[in-house]
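Biologist: Please show me the model, and let us go through it by question and answer.

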Amino acid sequence: MASRRHLFQLGGIAAATPLIPAPHHGESSVDPAVRPPAVPLVVRSPYLSTWLAADNLPGTWPSFWTGRITAMTGLATIDGTPYLFLGSPASPTAFPFPTLRQLSLTVTATKSEFVLTQAGVELTVTFLSPITPGDLKHQSQPLSYISVSARAVDGRAHQVSVYFDISGEWASGDSGRQITWDQETTSGVVNLSYHQTQPQVLRESADTAEWGTVAISAPAKPGLTWQIGADVDVRRQFATQSALADAADAAKPRAINDRWPVFALNQNLGAVGSHPSGPFVISLGQIREPAASYLGTPLPPLWKSYWPSWPEMVAAFLGDFAASVTRSARLDARIDKDATKAGGKAYAALCALAFRQAYAGTELVSRNGEPWAFLKEISSDGNMQTIDVTYPAMPVFLYADPQYLGLLLAPILDYVENHAYPKVFAPHDLGSQYPNADGHLNGTGEEDMPVEESANMLIMAAAYLQRAPHSSFATQHYKIFKQWADYLVANALDPDLQNQTDDFTGFIAHSVNLALKGIIGIGAMSHIATMAGQASDAAAYLATARSYIGQWQAKATDSSGRHLKLAYDQDGTWSLKYNGYADAVLGLGLVPASVARTEAAWYVSRAATDGVPLDIRHGYTKADWEMWTAAWLKDHHEIRDLLINGLYTFADTTGQRVPMTDWYDTVTDRQSGFQSRPVVGGFFALLTV
């Protein structure tokens, strides 16, 4: 088994992109070709999330967002000689596989594309996780594409056959678990599937779903072969024969780590000339029924509303490949154009890096026939539908699909309105451990953040209503919105000792930034009241917010007059007032322009190489809040560009090869904690103001 883990030491790692002189018109000053800390490969949901913690596709095992190996191997025979293009498998011979040489990596919002070459052939390997804003049917499919095409680059024709496999490690966080498998051809598709023999439904191990089916599939066409068996045996078969045996190992069930069963597909591309041959298209998915639970009731995945079985869903997914490529290219181009206009090429690169990660923190379910979206607090607490994780992710949904934000808010509103939630302020989450929204209806076991979460909900609701105006949404939920707003009126101007979203910094009393959020939450209620036809309430809440902001400014201003404080009673301190973004995105105009100017100048004076620290107490910051601050201060180009360039520099140079972290040190260029969280949706903040 140890030989399976043999790693090749490959050269050619791309150097970090150096800073270049700043261009005119405020455009950011770095080369846009960001080196991802980890390259998204198959990134679709909290449980379908496989990344490459390297620059080169061959030589490193792909891994789950936690770093646990979820092995994939890619081989291509060129004129009968096998070459490795993906993974780090042991060779069936005395010598390692020769590798294809990587020429380029391109990361867009929806795909990662590698171009490799050897022996007169160029191979293009594309990992596409399609995201379809406004299209729930396609968005509900828990599947990703992998495609491979080949062309000759030396003027000669070459015989090319392409092989791809995945290991049983995709089925469990524990490689000692037993799995069994099947092969079937349905609706013109060859499906290789496997699952645990004793699944633990709605349970996790090492953040991995311990139930459901893993499926690797391809269209049944001439030249397609398949095989299930021990990794060394299956790869030897392809390496020596350029084809697979169309056979499944009968020694099942068995442990994932017992001779490491792999599930392999091969497509013979035949004689390849100067025009691309292929593509060889594969679907890869993690399919669970039920998908989650809500207050003890299992909920089906939303895709079940459209297809009666997963093989039919997979067949539709593969049949939609060409259209999906077109849709994704159009979305990629839109994001790149809009982000470049808002913040320059470096900002566009950050948005491309964040898009799949943000959406993959969520998935769609059906509740009584209605769509809901659930979100996992990945890598921190693992909570279900954490409000102060949804809040920083909000900008990506406001930009790409405001209705999706509504689907994320719906379960929270149902929970507090219809199930006797006992607290006057908004909840922190719907459950301690994803995928079970078990709630905290007994009033205990919850990480209360009273001002934080109440304001978050009102701000998100108001932003949703601005972009997807539904007076019925405002009226239906008016009672609970008013309850939270009244709590803020009583508690937001000078918060007592409370927890807040940056809980790793500890509880804080008299927090200036938390007070700002609460005041903006009151202002948000004025918009909700207007939408609900409650004109007198709207005027009252707006008047209160305006009164409070003047008092806030007086209390918050440091005695030096150069900046705002961290807390009212802590002169000489400061912090990022990223909640100013909420004022900007709602267009409330509460925060005085003089405050924005003063804070912008102060942040410039405190900027480090990788951005501005979160506050005076530490060198670390939060990537989402950096971009929220850049959006709030977008007209102050010097600090806007420093924040963008700082985050870009961190992403491009950090030595921690993990899915993008949102908590890092601006001085040491190191991850402080967290990774792969959906809060990177906050990178899209500049696209929403």
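Biologist: In which sense do β21 and β22 pair?

Modeller: This is a predicted model, in which local features need pLDDT of at least 70, side-chain atom pairs count only at pLDDT 80 or more, and totals for chains, interfaces and linings use all residues. Residues are numbered from 1 along each chain as its sequence is written, and side-chain values use heavy atoms, with hydrogens and water left out. Strands are DSSP runs of E with at least two residues, numbered from the N terminus, and two of them pair if DSSP finds at least two bridges between them. Strand β21 covers residues 292–294 and is joined to β22 over three bridges, with Thr297 of β22 as the bridge partner of Tyr294; the sense is antiparallel.

Biologist: Which strands stand at the edges of the sheet?

Modeller: The sheet is open, has three strands and mixed pairing, and runs in the order β22-β21-β25. Two of its strands have a single partner strand each, so one side of each is left without a neighbour in the sheet: these are β22 (297–299) and β25 (436–437).

Biologist: What percentage of the residues of the protein chain count as buried?

Modeller: Buried means under 20% relative accessible area, with a 1.4 Å probe and protein chains only. Among the 689 residues of the protein chain, the share is 62%.

Biologist: How many helices and strands are there in the protein chain?

Modeller: Helices are DSSP runs of H or I with at least four residues. By these criteria, the protein chain has 16 helices and 28 strands.

Note on methods. Buried means under 20% relative accessible area, exposed over 50%, partly exposed in between (1.4 Å probe, protein chains only).
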